[in-house]
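Morning, everyone. Please look at the screen while I talk.

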Amino acid sequence: MEPILERMRRGGLIRLDDPGYAVIGDLIARAFRITGELNTGYHDAEETRAMMSDLTGEEIDETTWIVPPFYTDFGRFTRFGRHAFVNCGCTFMDRGGITIEDEVLIGPGVKLITENHAEEPDLRQHVRSHPIVIRRKAWIGAGATVLPGVTVGENAIVAAGAVVTRDVPANAVVGGVPARFIRNIRP
(Lines give C-alpha, C1' and ligand atoms only; values in the text may rest on other atoms or scores of the structure.)
Protein backbone atom coordinates (compact mmCIF):
# COMPACT_ATOMS: atom_id res chain seq x y z
CA MET A 1 0.00 0.00 0.00
CA GLU A 2 1.22 3.50 -0.80
CA PRO A 3 2.56 5.42 2.24
CA ILE A 4 -0.07 8.17 1.89
CA LEU A 5 -2.85 5.56 1.95
CA GLU A 6 -1.38 4.03 5.10
CA ARG A 7 -1.25 7.49 6.75
CA MET A 8 -4.83 8.14 5.68
CA ARG A 9 -6.04 4.82 7.18
CA ARG A 10 -4.22 5.67 10.45
CA GLY A 11 -6.08 8.99 10.73
CA GLY A 12 -3.25 11.30 9.72
CA LEU A 13 -4.01 14.71 8.27
CA ILE A 14 -3.90 14.38 4.48
CA ARG A 15 -3.01 17.66 2.84
CA LEU A 16 -4.02 18.45 -0.71
CA ASP A 17 -0.43 19.59 -1.37
CA ASP A 18 1.07 16.31 -0.11
CA PRO A 19 3.55 14.97 -2.69
CA GLY A 20 1.74 11.61 -2.64
CA TYR A 21 -1.76 13.03 -3.08
CA ALA A 22 -1.86 12.05 -6.77
CA VAL A 23 -2.43 8.43 -5.66
CA ILE A 24 -5.58 9.52 -3.83
CA GLY A 25 -6.65 11.74 -6.71
CA ASP A 26 -6.35 8.80 -9.12
CA LEU A 27 -8.44 6.56 -6.85
CA ILE A 28 -11.08 9.28 -6.49
CA ALA A 29 -11.30 9.65 -10.29
CA ARG A 30 -11.58 5.86 -10.61
CA ALA A 31 -14.38 5.74 -8.02
CA PHE A 32 -16.29 8.47 -9.86
CA ARG A 33 -15.94 6.56 -13.14
CA ILE A 34 -17.14 3.25 -11.67
CA THR A 35 -20.04 4.76 -9.70
CA GLY A 36 -20.99 6.85 -12.73
CA GLU A 37 -21.32 3.65 -14.78
CA LEU A 38 -23.11 1.87 -11.94
CA ASN A 39 -25.64 4.65 -11.42
CA THR A 40 -26.57 5.47 -15.04
CA GLY A 41 -28.08 2.23 -16.27
CA TYR A 42 -29.78 -0.96 -15.20
CA HIS A 43 -27.54 -3.66 -13.74
CA ASP A 44 -28.78 -6.89 -12.24
CA ALA A 45 -27.52 -8.00 -8.82
CA GLU A 46 -24.62 -9.98 -10.29
CA GLU A 47 -23.42 -7.08 -12.47
CA THR A 48 -23.77 -4.67 -9.55
CA ARG A 49 -21.67 -6.96 -7.32
CA ALA A 50 -19.02 -7.21 -10.06
CA MET A 51 -18.84 -3.41 -10.40
CA MET A 52 -18.72 -2.98 -6.62
CA SER A 53 -16.01 -5.66 -6.39
CA ASP A 54 -14.00 -3.70 -8.96
CA LEU A 55 -14.54 -0.53 -6.93
CA THR A 56 -13.50 -2.05 -3.59
CA GLY A 57 -10.75 -4.30 -4.94
CA GLU A 58 -12.26 -7.33 -3.17
CA GLU A 59 -14.84 -9.83 -4.36
CA ILE A 60 -18.24 -9.20 -2.83
CA ASP A 61 -20.02 -12.39 -1.81
CA GLU A 62 -22.97 -13.49 -3.94
CA THR A 63 -25.23 -13.32 -0.87
CA THR A 64 -24.71 -9.56 -0.52
CA TRP A 65 -27.13 -7.23 -2.30
CA ILE A 66 -26.35 -3.59 -3.08
CA VAL A 67 -29.07 -1.50 -4.73
CA PRO A 68 -27.91 1.42 -6.87
CA PRO A 69 -27.57 4.30 -6.94
CA PHE A 70 -24.51 4.11 -4.70
CA TYR A 71 -22.15 7.00 -4.05
CA THR A 72 -18.56 7.16 -2.87
CA ASP A 73 -15.54 9.36 -3.41
CA PHE A 74 -13.04 6.56 -2.87
CA GLY A 75 -14.39 3.00 -2.59
CA ARG A 76 -11.12 1.19 -1.96
CA PHE A 77 -11.54 0.87 1.81
CA THR A 78 -15.07 -0.57 2.06
CA ARG A 79 -15.50 -4.23 3.02
CA PHE A 80 -18.81 -6.12 2.85
CA GLY A 81 -19.69 -9.29 4.75
CA ARG A 82 -22.06 -12.05 3.68
CA HIS A 83 -25.83 -11.58 3.48
CA ALA A 84 -25.47 -7.80 3.82
CA PHE A 85 -28.08 -5.53 2.22
CA VAL A 86 -27.46 -1.93 1.16
CA ASN A 87 -30.56 -0.12 -0.08
CA CYS A 88 -30.63 2.59 -2.75
CA GLY A 89 -29.15 6.06 -2.51
CA CYS A 90 -26.46 5.37 0.07
CA THR A 91 -23.21 7.34 0.38
CA PHE A 92 -20.09 5.67 1.77
CA MET A 93 -17.18 8.10 2.22
CA ASP A 94 -14.63 5.41 3.06
CA ARG A 95 -11.14 6.91 3.13
CA GLY A 96 -10.89 5.88 6.79
CA GLY A 97 -12.28 2.40 6.10
CA ILE A 98 -15.83 1.04 6.35
CA THR A 99 -16.51 -2.51 7.48
CA ILE A 100 -20.00 -3.94 6.95
CA GLU A 101 -20.14 -7.30 8.72
CA ASP A 102 -22.43 -10.24 7.94
CA GLU A 103 -26.22 -9.81 7.80
CA VAL A 104 -26.13 -6.02 8.20
CA LEU A 105 -29.09 -4.03 6.85
CA ILE A 106 -28.46 -0.51 5.52
CA GLY A 107 -31.59 1.54 4.77
CA PRO A 108 -32.08 3.89 1.82
CA GLY A 109 -30.19 7.17 1.86
CA VAL A 110 -27.82 6.18 4.67
CA LYS A 111 -24.53 8.08 4.87
CA LEU A 112 -21.41 6.48 6.34
CA ILE A 113 -18.81 9.26 6.55
CA THR A 114 -15.26 8.41 7.69
CA GLU A 115 -13.76 11.74 6.69
CA ASN A 116 -13.65 15.04 8.49
CA HIS A 117 -11.91 18.36 7.98
CA ALA A 118 -9.55 19.91 10.50
CA GLU A 119 -11.09 22.50 12.84
CA GLU A 120 -8.21 24.94 12.40
CA PRO A 121 -9.17 27.42 9.67
CA ASP A 122 -5.73 27.27 8.02
CA LEU A 123 -5.94 23.45 7.75
CA ARG A 124 -9.66 23.09 7.06
CA GLN A 125 -9.34 22.12 3.39
CA HIS A 126 -7.33 19.04 4.41
CA VAL A 127 -8.87 15.74 5.57
CA ARG A 128 -8.50 13.36 8.50
CA SER A 129 -10.24 9.95 8.44
CA HIS A 130 -11.33 7.40 11.04
CA PRO A 131 -12.93 3.98 10.41
CA ILE A 132 -16.58 3.01 10.75
CA VAL A 133 -17.51 -0.56 11.70
CA ILE A 134 -21.06 -1.89 11.44
CA ARG A 135 -21.17 -5.16 13.39
CA ARG A 136 -23.08 -8.32 12.54
CA LYS A 137 -26.88 -8.06 12.16
CA ALA A 138 -26.97 -4.33 12.88
CA TRP A 139 -29.67 -2.30 11.13
CA ILE A 140 -29.07 1.30 10.03
CA GLY A 141 -32.42 3.00 9.34
CA ALA A 142 -33.30 5.15 6.35
CA GLY A 143 -31.51 8.47 6.09
CA ALA A 144 -29.28 7.91 9.12
CA THR A 145 -25.75 9.34 9.18
CA VAL A 146 -22.84 7.60 10.91
CA LEU A 147 -19.81 9.83 11.51
CA PRO A 148 -16.05 9.07 11.65
CA GLY A 149 -14.70 6.62 14.20
CA VAL A 150 -18.05 5.05 15.15
CA THR A 151 -18.69 1.35 15.74
CA VAL A 152 -22.31 0.17 15.68
CA GLY A 153 -22.56 -2.95 17.83
CA GLU A 154 -23.93 -6.36 16.93
CA ASN A 155 -27.72 -6.47 16.50
CA ALA A 156 -28.00 -2.72 17.22
CA ILE A 157 -30.61 -0.55 15.53
CA VAL A 158 -29.97 3.05 14.43
CA ALA A 159 -33.33 4.79 13.94
CA ALA A 160 -34.18 6.49 10.67
CA GLY A 161 -32.73 9.98 10.41
CA ALA A 162 -30.36 9.59 13.37
CA VAL A 163 -26.92 11.19 13.41
CA VAL A 164 -24.52 8.81 15.16
CA THR A 165 -21.53 10.59 16.71
CA ARG A 166 -20.34 7.89 19.13
CA ASP A 167 -20.25 4.11 19.44
CA VAL A 168 -23.54 2.22 19.70
CA PRO A 169 -23.56 -0.75 22.11
CA ALA A 170 -24.59 -4.20 20.95
CA ASN A 171 -28.34 -4.86 21.13
CA ALA A 172 -29.17 -1.16 21.63
CA VAL A 173 -31.66 1.05 19.81
CA VAL A 174 -30.49 4.64 19.28
CA GLY A 175 -32.10 7.62 17.59
CA GLY A 176 -32.14 11.39 17.32
CA VAL A 177 -29.68 14.14 16.54
CA PRO A 178 -27.22 13.44 17.98
CA ALA A 179 -28.23 9.80 18.44
CA ARG A 180 -28.92 8.76 22.02
CA PHE A 181 -29.74 5.45 23.65
CA ILE A 182 -33.48 4.71 23.53
CA ARG A 183 -33.66 1.15 24.84
CA ASN A 184 -32.30 -2.35 24.43
CA ILE A 185 -33.76 -4.66 21.82
CA ARG A 186 -36.71 -6.60 23.16
CA PRO A 187 -36.23 -10.39 23.29
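**A walk through the loops**

Start at Pro 69, which sits in the loop between β1 (65-66) and β2 (70-71). One thing before we go on: this is a predicted model. Now, which kind of peptide bond joins Pro 68 and Pro 69? A cis bond, with omega about 5°. Why point that out? Because most peptide bonds are trans.

There is another cis bond to show you. This one joins Val 177 and Pro 178, and omega there is about -10°. Find Pro 178 in the loop between β17 (172-175) and β18 (180-184).

Next, the backbone angle phi. Most residues other than glycine have a negative phi. Look at Lys 137, though. Its phi is positive, about 65°, and Lys 137 is not a glycine. Where is Lys 137? In the loop between β11 (132-134) and β12 (139-140).

With a relative accessible area of 34%, Asn 171 is partly exposed.

Now over to the helices. Find the loop between α1 (3-9) and α2 (21-39); Asp 18 lies in it. Is Asp 18 buried or exposed? The relative accessible area is 16%. The cut-off for buried is under 20%, so Asp 18 is buried.

What does Asp 18 touch? Set aside its neighbours within four places in sequence, and Asp 18 is in contact with Ile 4 and Arg 7. With Arg 7 there is a polar contact: the two side chains are joined at 2.8 Å.

Stay in that loop for Gly 20, which is also between α1 and α2. Gly 20 has a relative accessibility of 23%, so it counts as partly exposed. Ile 4 turns up again here. The C-alpha atoms of Gly 20 and Ile 4 are separated by 6.0 Å, though the two residues are 16 apart along the chain.

Let's zoom out to the whole protein. How many helices and strands does it have? Three helices and 18 strands. The radius of gyration is 16 Å, close to the 16 Å that the globule rule gives for 187 residues, so the protein is as compact as a globular protein of that length. Along its principal axes, the C-alpha trace spans about 55 × 40 × 25 Å.

What share of the residues is buried? Of the 187, 42% count as buried. Then the contacts. Take those with a separation of 6 or more: 28% of them are between residues 24 or more positions apart.

The accessible surface comes to about 9300 Å². Carbon and sulfur atoms account for 53% of that surface.

Last, charge. How many side chains are positive, and how many negative? There are 21 positive and 25 negative ones. The centres of the two sets lie 7 Å apart.

Find the cis bond between Pro 68 and Pro 69. Find the positive phi at Lys 137. And find the polar contact between the side chains of Asp 18 and Arg 7.

How values were computed: Residues numbered from 1 in each chain as written. Predicted model: local features only at pLDDT ≥ 70, side-chain atom pairs only at ≥ 80, totals over all residues. Heavy atoms only, no water. Helix = DSSP H or I, 4+ residues; strand = E, 2+ residues; numbered from the N terminus. Rg over C-alpha atoms; globule rule 2.2 N^0.38 Å. Buried < 20%, exposed > 50% of the residue type's maximum accessible area, 1.4 Å probe, protein only. Contact = heavy atoms within 4.5 Å. Areas by Shrake-Rupley, 256 points an atom, 1.4 Å probe, with all protein chains shown as cover. Lys, Arg positive; Asp, Glu negative; His and termini not counted. Charge placed at Lys NZ, Arg CZ, Asp CG, Glu CD. Polar contact = N/O pair within 3.5 Å; in protein donor to acceptor, adjacent residues only side chain to side chain.
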